[in-house]
Amino acid sequence: MDPSRPELVDDETSEPLSGRDLRPIVLLALADHFTCTKLRGDLIERGRDAACVISAAAAIILSAPSMLARASVFVVEDSLTPQDRNALHWIRALDPRRAIVVIASGAEPVDDDAQLWDGVLTRPVDPGELCDVVGALGDRAAAPASAGRGTMRRTPPGFELRVGFPWPMVRCTRCSATRHCEVPRDAVEQGIVMAALVTFGLAHAHD
Ligand SMILES: [Zn+2]
């Protein structure tokens with residue numbers, strides 16, 4: 001098995017999900033598109049696949065499910081919109097192995113009350129440093145779901161969430177709406193389920 005590939009496994013059986021192209025990808029959500037494409041090029045030059053996305057939330061909701069299935073690291077800025085921050089909380093709840101790196105704009109420490117960040121970089125971003133951080137976190141994403149942070153799944157407040165048997169399900173405790181998903185048969189379908197659950201979560205922010 002390619003050690004740089006995130007092992008996407010069935011939640012209950014721990015069986016690896018089947019085939020298709022699952023090379024891990026770094027999703028960069030930076031407001032300045034020039035910086036984004038530059039860093040993307042630097043990552044690709046160093047052997048990491050990467051893509052620029054409009055925002056973290058948009059990446060989750062709008063991107064092809066295959067891209068979400070492959071997303072091992074999200075790189076975002078500390079000027080996140082509440083929706084983006086919310087989307088990242090959901091990613092953390094659904095699969096804590098997906099790493100989140102924040103780029104800080106100043107000397108002030110970035111707020112991490114929710115322990116959202118796996119890595120913090122400061123501007124201007126050194127491409128080599130970014131690659132090192134992404135590399136270390138990408139390797140963590142290859143760990144089995146049962147290892148380390150994989151056990152620290154935290155459901156966002158106001159929701160009941162089930163990601164495994166008998167099928168993925170989310171319920172909003174404030175309005176009692178629910179969303180049930182079919183059991184994903186492969187990693188791409190897992191991406192579809194993740195997008196559906198995050199979309200539900202964002203639609204039921206209720207504030
Ligand atoms: Zn609701």
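Modeller: **A close look at Trp90**

Trp90 touches Pro156, Leu197, Val198 and Gly201, leaving aside residues up to four places away in sequence. Two residues are in contact here if their C-beta atoms, placed from the backbone, lie within 7 Å. This is a predicted model: local features need pLDDT of at least 70, side-chain atom pairs count only at pLDDT 80 or more, and totals for chains, interfaces and linings use all residues. Residues are numbered from 1 along each chain as its sequence is written.

Where does Trp90 lie? It lies in helix α4, residues 82-94. Helices (H or I, at least four residues) and strands (E, at least two) are DSSP runs, numbered from the N terminus.

Trp90 is buried, because 23 other C-beta atoms lie within 10 Å. The cut-offs are these: buried means 20 or more other C-beta atoms within 10 Å of the residue's own, exposed means 12 or fewer, and partly exposed is in between, with C-beta atoms placed from the backbone. The C-alpha atoms of Trp90 and Leu202 are separated by 8.7 Å. Along the chain, Trp90 and Leu202 are 112 residues apart.

Now the whole chain. It has six helices and eight strands. Along the sequence they follow the pattern β-α-β-α-α-β-α-β-β-α-β-β-β-α. Of its 207 residues, 35% count as buried. Take the contacts between residues at least 6 apart in sequence: 65% of them join residues at least 24 apart.

Another helix, α1, covers residues 33-45. Its buried residues are Leu39, Arg40 and Leu43. Seen down the axis of α1, the buried residues fall within an arc of 105 degrees, so they line one face of the helix. That arc is taken from the directions from the helix axis to the C-beta atoms. The face turned away from the buried side of α1 carries the exposed residues Phe34, Gly41 and Glu45. Just after α1, Gly47 takes a positive phi of about 90 degrees.

Last, confidence. pLDDT is the predictor's confidence in each residue, from 0 to 100. The chain has a mean pLDDT of 82, and 80% of its residues reach 70 or more. Over residues 1-6 pLDDT stays under 50, and the model has 13 contacts for them beyond four places in sequence. Over residues 147-151 the pLDDT is also below 50. Where pLDDT is low, the predicted coordinates should not be read in detail.

Methods: The expected span of a helix is 1.5 Å times one less than its number of residues.
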